[in-house]
Amino acid sequence: MTAVFCRMELAVSHLLHVDRYFQQYGVQFNGRKRADLFGLSPNGWVVAEAKGRSRTMESELRGKLELQKRSVLTVCGAVPWLALGCVASFPIRDGGMELDAFDPEKAEPDALVIPGGADDAMLAYYLPFVTIIDLGASATDVGQQQLVVGDFGPLGVRVGLLRSIYQRVQRGAQERDMAGFSEDIQVVLREAPLAELGLFPDGTRVDTNWPDAVSVQDWSEDF
């Protein structure tokens, strides 16, 4: 929830989990202290540590967030334009969501250096979508030929991706054709009718069909 909020507000369409990126390229961490997410905005790289609380944010959480968000020194050779710790919480019942954001300037002495470049980050971001779509049953909706869709019928989930991005990711992963990969993706996203196709800003789409599950009353006033 909080990651999605940060993504929308900062115009970062590709927030990638640090663990996912490091696993993709076999990079080792120095300890457990690290931010959750990083992504590229129009102004530069963004580092984010995002949390969600169903009640009031605990007082000591701010210090923990600031410590984690300071844990990245550079991303792909550049100092982050913004390093943000944010918490979405619901301190008042039925009072709406409250967002707290913290952006201290100081960096940790042993801060991480996230290696690689924008092409590597973009491939690591999209490869799981291609993998999960390939695992599902192939499906094409009427008028949706621009998408590649994996259908997981028994689970009530369908995952879709722009076909041009799907094909470019396959080429990048299988043939190691990485020259201009990130820019190719950005061009596709600028030219594609994302809203018309019901897509997120990154060219993906996730549809669910859970009418029975969401109608079950699974909460209690005493909880």
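**View 1. The largest cavity holds about 60 Å³ of space.** This is a predicted model, in which local features need pLDDT of at least 70 and side-chain atom pairs count only at pLDDT 80 or more, while totals for chains, interfaces and linings use all residues. Residues are numbered from 1 along each chain as its sequence is written, and side-chain values use heavy atoms, without hydrogens and water. The structure has two cavities of 30 Å³ or more. A cavity is a set of points on a 1 Å grid over the protein atoms alone where a 1.4 Å probe fits but cannot get out; lining residues have an atom within 4 Å of a point. Volume is the space filled by probe spheres set on the points, which are joined across faces, edges and corners.

**View 2. Asp141, Gln144, Leu147, Val149, Arg158, Val159, Gly160, Arg205 and Asp207 line the largest cavity.** S9, S10 and S11 each give two or more residues to this lining. S10 gives the largest share, three residues. By class, three lining residues are nonpolar, two polar and four charged. Here Asp, Glu, Lys and Arg count as charged; Ala, Val, Leu, Ile, Met, Phe, Trp, Tyr, Cys and Pro as nonpolar; the others, Gly among them, as polar.

**View 3. Four strands form an open antiparallel sheet in the order S8-S9-S10-S11.** Strands are DSSP runs of E with at least two residues, and helices are runs of H or I with at least four, numbered from the N terminus. Two strands pair if DSSP finds at least two bridges between them. Strands S8 (137–139) and S11 (204–208) are the edges, each pairing on one side only. Inside the sheet, six bridges join S9 (residues 147–152) to S10 (residues 157–162). Val148 stands opposite Leu161 in S10.

**View 4. Helices H4 (residues 118–135) and H5 (residues 163–175) pack on this sheet.** H4 touches S8, S9, S10 and S11, and its direction makes about 125 degrees with that of S10. H5 touches S9 and S10, at about 80 degrees to S10. Angles run from 0 to 180 degrees between N-to-C directions, with axes fitted to C-alpha atoms, for helices over the stretch in contact. Contact means heavy atoms within 4.5 Å.

**View 5. A second sheet view shows five strands, S1-S2-S3-S5-S6, with mixed pairing.** Strands S1 (16–17) and S6 (98–102) each have a single partner strand, so one side of each lacks a neighbour in the sheet. Five bridges join S2 (residues 37–41) to antiparallel S3 (residues 44–53). Leu37 has Ala48 in S3 as its bridge partner.

How values were computed. On a 1 Å grid over the protein atoms alone, a cavity is a set of points where a 1.4 Å probe fits but cannot get out, and a pocket is an open set with protein on both sides within 12 Å along at least five of seven lines; lining residues have an atom within 4 Å of a point.
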